Amino acid sequence: IEIRLCGGIETAEDLLFFLDNMQALARYVKNNSLEKVQKCKFTDYMKYFKLKSSLEIAKNRLNFTYCSKYVKEIQTLINKKKKGVK
């Protein structure tokens with residue numbers, strides 16, 4: 001499993017969320033089969049979060065506005081690929 005950050009850590013809260021997220025993933029991997037881990041979703045290992053604030057932070061990061069913007073960007077790339085635009 002490889003973890004990459006898409007942006008910098010700006011606050012102590014961000015750092016704690018990142019560490020809790022990685023610890024939860026490590027616990028999930030340790031307690032489940034390789035096949036289950038390969039098919040898991042982000043939400044599958046959220047039950048392993050130790051900090052109460054982590055679920056709220058995760059919810060805020062995945063709010064509807066952000067996700068819809070991301071989906072629109074991907075759809076634009078898909079449309080360009082269909083037209084043969086590089």
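S54 sits in helix α3. Helices here are DSSP runs (H or I, at least four residues; strands are E, at least two), numbered from the N terminus. The model is predicted, so local features need pLDDT of at least 70 and side-chain atom pairs pLDDT 80 or more, while totals for chains, interfaces and linings use all residues. Residues are numbered from 1 along each chain as its sequence is written, and side-chain values use heavy atoms, with hydrogens and water left out.

With a relative accessibility of 1%, S54 counts as buried. Buried means under 20% relative accessible area, exposed over 50%, and partly exposed in between (1.4 Å probe, protein chains only). The S54 side chain makes a polar contact with the side chain of D20, at 2.5 Å. A polar contact is a pair of N or O atoms within 3.5 Å; within protein, one must be able to donate a hydrogen and the other to accept it, and residues adjacent in sequence count only if both atoms are side-chain atoms. Residues up to four places away in sequence aside, S54 touches F17, D20 and F49. Contact means heavy atoms within 4.5 Å.

A58 also lies in α3. Its relative accessibility is 1%, so A58 counts as buried. Neighbours within four places in sequence aside, A58 is in contact with F17, F42, M46 and F49. A58 and F17 are 41 residues apart along the chain, yet their C-alpha atoms are separated by 8.4 Å.

The buried residues of α3 are S54, I57 and A58. They cover an arc of only 100° around the axis and therefore lie on the same side of α3. The arc is that of the directions from the helix axis to the C-beta atoms. An α-helix has 3.6 residues a turn, so residues three or four places apart point the same way. The face of α3 turned away from the buried side carries the exposed residues K52 and K59. Cover for the buried residues of α3 includes α1.

Helix α1 comprises 20 residues, 12-31. At 1.5 Å a residue it should span 28 Å, and its end C-alpha atoms are 28 Å apart, which agrees. The expected span is 1.5 Å times one less than the number of residues. Buried in α1 are D14, F17, D20, N21, A24, L25 and Y28. Seen down the axis, these residues fall within an arc of 140°, so they line one face of the helix. A12 and K30, on the other side of α1, are exposed. The buried residues of α1 pack against α2 (34-39) and α3 (52-61).

The largest nonpolar core has eleven residues: F17, A24, L25, Y28, V37, Y45, M46, Y48, F49, I57 and A58. Such a core is a set of buried Ala, Val, Leu, Ile, Met, Phe, Trp, Tyr and Cys residues joined through side-chain atoms within 4.5 Å. The elements giving two or more residues to this core are α1 and α3. The most come from α1, which gives four. Neighbours within four places in sequence aside, A24 is in contact with Y45, Y48 and F49.

Overall, the protein has four helices and zero strands. Along the sequence the pattern is α-α-α-α. Of the 86 residues, 19% are buried. Among contacts between residues at least 6 apart in sequence, 42% join residues at least 24 apart. The protein exposes about 7,400 Å², and carbon and sulfur atoms supply 58% of that area. Accessible areas come from the Shrake-Rupley method with a 1.4 Å probe; for residues, only the protein chains shown count as cover.
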